[in-house]
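I will write down each thing as I look it up, one topic at a time.

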Amino acid sequence: MKRILIIEDEEPAARRLVKMLQAAWPDAIIETVIKNVEEGIAWFQNNEAPSLIFSDIQLTDGNSFDIFAITPPSCPVIFITAYDEFALKAFQVNSIDYLLKPLKQKDLDTALEKFSARTITALPGIDKILQSYPSPAYKQRFVVRYGEHIKMLQVKDVAYFYTEDKVNFIVTMDGRRYVLDYNLDSLEAMLDPDGFFRINRQFIISIQSIEDMFAHTKSRILIKLSPPCKIETIVSTERSPAFKLWLGK
């Protein structure tokens with residue numbers, strides 16, 4: 001009996017996947033649909049690993065790798081995502097399917113055939129895959145304009161990034177602020193997640209910029225930054241669980 005776990009925060013996408021799986025594998029059992037990092041970690045800590053996991057990557061409070069880093073499952077994973085990025089080749093090399101949205105039935109059927117053709121024990125667990133996953137080339141420098149001058153900034157000297165009135169800024173540890181061409185969505189993919197975290201829609205902060213933290217309403221966290229910022233910096237409710245995990249890495 002095949003037991004399937006789905007990690008997907010978009011309800012229509014989850015429903016579509018369940019329907020397609022039922023058409024392909026009528027006897028399969030859908031264990032549950034997990035919608036966020038916190039829920040995923042809790043599920044793996046209290047349940048036996050399923051036969052197969054279907055997982056989106058981008059979730060409301062982080063990404064599925066945050067789940068696997070804390071609770072590595074001993075079963076294969078098929079990723080389904082809207083983003084065709086560098087991970088595609090890496091996971092194909094490791095014989096783990098990486099399917100793009102919108103998911104097509106023929107692509108799903110092909111992935112299931114590959115799974116069925118090999119024993120579960122022959123497939124590497126996600127923990128081993130992550131160990132062999134090539135280290136991505138994260139951004140090391142930014143080039144910004146300063147009046148009529150062009151300046152190069154080292155990422156290690158950056159305190160935080162933020163958006164105000166649709167303008168993106170980079171702030172260095174010595175308190176200097178510059179306009180940046182990249183938006184926060186692009187920056188989030190460029191920066192090393194060990195050193196930077198997106199606390200809400202407006203801020204990405206460096207761990208070295210945290211001077212103090214305070215409990216806030218609705219499980220949120222108020223952060224005092226150094227250098228200080230005139231805008232209040234609060235970790236959103238959705239991102240607070242992943243933020244706490246990030247702090248404890």
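**Entry 1: a helix, end to end.** I started with helix α5, residues 105-116. Its 12 residues, at 1.5 Å a residue, should span 16 Å, and I found the end C-alpha atoms 16 Å apart, so expectation and model agree. A reminder to myself: this is a predicted model.

Entry 2: Which residues of α5 are buried? I listed Leu108, Ala111, Leu112 and Phe115. They cover an arc of only 100° around the axis, which means that they sit on the same side of α5. Next I asked what the buried residues of α5 pack against. My list reads α1 (11-24), β3 (52-55), β6 (77-81) and β7 (98-100).

Entry 3: I picked Leu108, which is found in α5. Its relative accessibility is 0%, so Leu108 counts as buried. Leaving aside residues up to four places away in sequence, I noted that Leu108 touches Leu17, Met20, Leu21, Phe54, Leu99 and Leu103. I also looked up a distance: Leu108 and Leu17 are 91 residues apart along the chain, yet their C-alpha atoms are separated by 9.0 Å.

Entry 4: In the loop between β7 and α5 I found Pro102. The peptide bond from Lys101 to Pro102 is cis, with omega near -5°. I looked up another cis peptide bond, which joins Ser226 and Pro227 with omega about 5°. Pro227 has its place in the loop between β16 and β17 (233-235).

Entry 5: Is strand β10 (residues 158-164) enclosed or open? Six of its seven residues are buried, so I wrote down that β10 is largely enclosed by the rest of the structure. I then looked for its partners. β10 pairs with strand β11 (residues 167-172) in the antiparallel sense, over six bridges. Across this pairing, Tyr162 stands opposite Phe169 in β11. β10 also pairs with strand β14 (residues 203-206), again in the antiparallel sense and over three bridges. Here I noted Phe161, whose bridge partner in β14 is Ile204.

**Entry 6: the turn of the hairpin.** How many residues lie between β10 and β11 in their hairpin? I counted two, and Asp165 in the turn has a positive phi of about 55°. Lys166 is found in the loop between β10 and β11 too. Its phi is near 65°, a positive value in a residue other than glycine. With a relative accessible area of 82%, Lys166 is exposed.

**Entry 7: another positive phi.** I found Lys218 in the loop between β15 and β16. Lys218 is not a glycine, although its phi is positive, at about 55°. Its relative accessible area is 67%, so I marked Lys218 as exposed.

**Entry 8: charged pairs.** A rule to keep in mind is that side chains of opposite charge can pair when their charged atoms come close. I searched the whole structure and got 14 salt bridges. Here are the ones I looked at.

- Glu31 forms a salt bridge with Arg3, with the closest N and O atoms 2.6 Å apart. This pair links distant parts of the chain, since Glu31 is in strand β2 (residues 29-34) and Arg3 is in strand β1 (residues 3-7), 28 residues apart. Glu31 is partly exposed, at 31% relative accessible area.
- Lys224 pairs with Glu211, and their closest N and O atoms are 3.2 Å apart. I placed Lys224 in strand β16 (residues 221-225) and Glu211 in strand β15 (residues 210-215), 13 residues apart. Lys224 is partly exposed at 42%, and Glu211 is partly exposed at 45%.
- Asp157 and Lys156 meet in a salt bridge at 3.6 Å, N to O. Asp157 is partly exposed at 34%, whereas Lys156 is exposed at 60%.
- Glu8, Glu10, Asp56 and Lys101 are linked in a network of salt bridges.

How values were computed
Residues numbered from 1 in each chain as written. Predicted model: local features only at pLDDT ≥ 70, side-chain atom pairs only at ≥ 80, totals over all residues. Heavy atoms only, no water. Helix = DSSP H or I, 4+ residues; strand = E, 2+ residues; numbered from the N terminus. Expected span 1.5 Å × (residues − 1). Buried < 20%, exposed > 50% of the residue type's maximum accessible area, 1.4 Å probe, protein only. Arc of directions from axis to C-beta. Contact = heavy atoms within 4.5 Å. Salt bridge = Lys/Arg side-chain N within 4 Å of Asp/Glu carboxyl O. Pairing = 2+ DSSP bridges.
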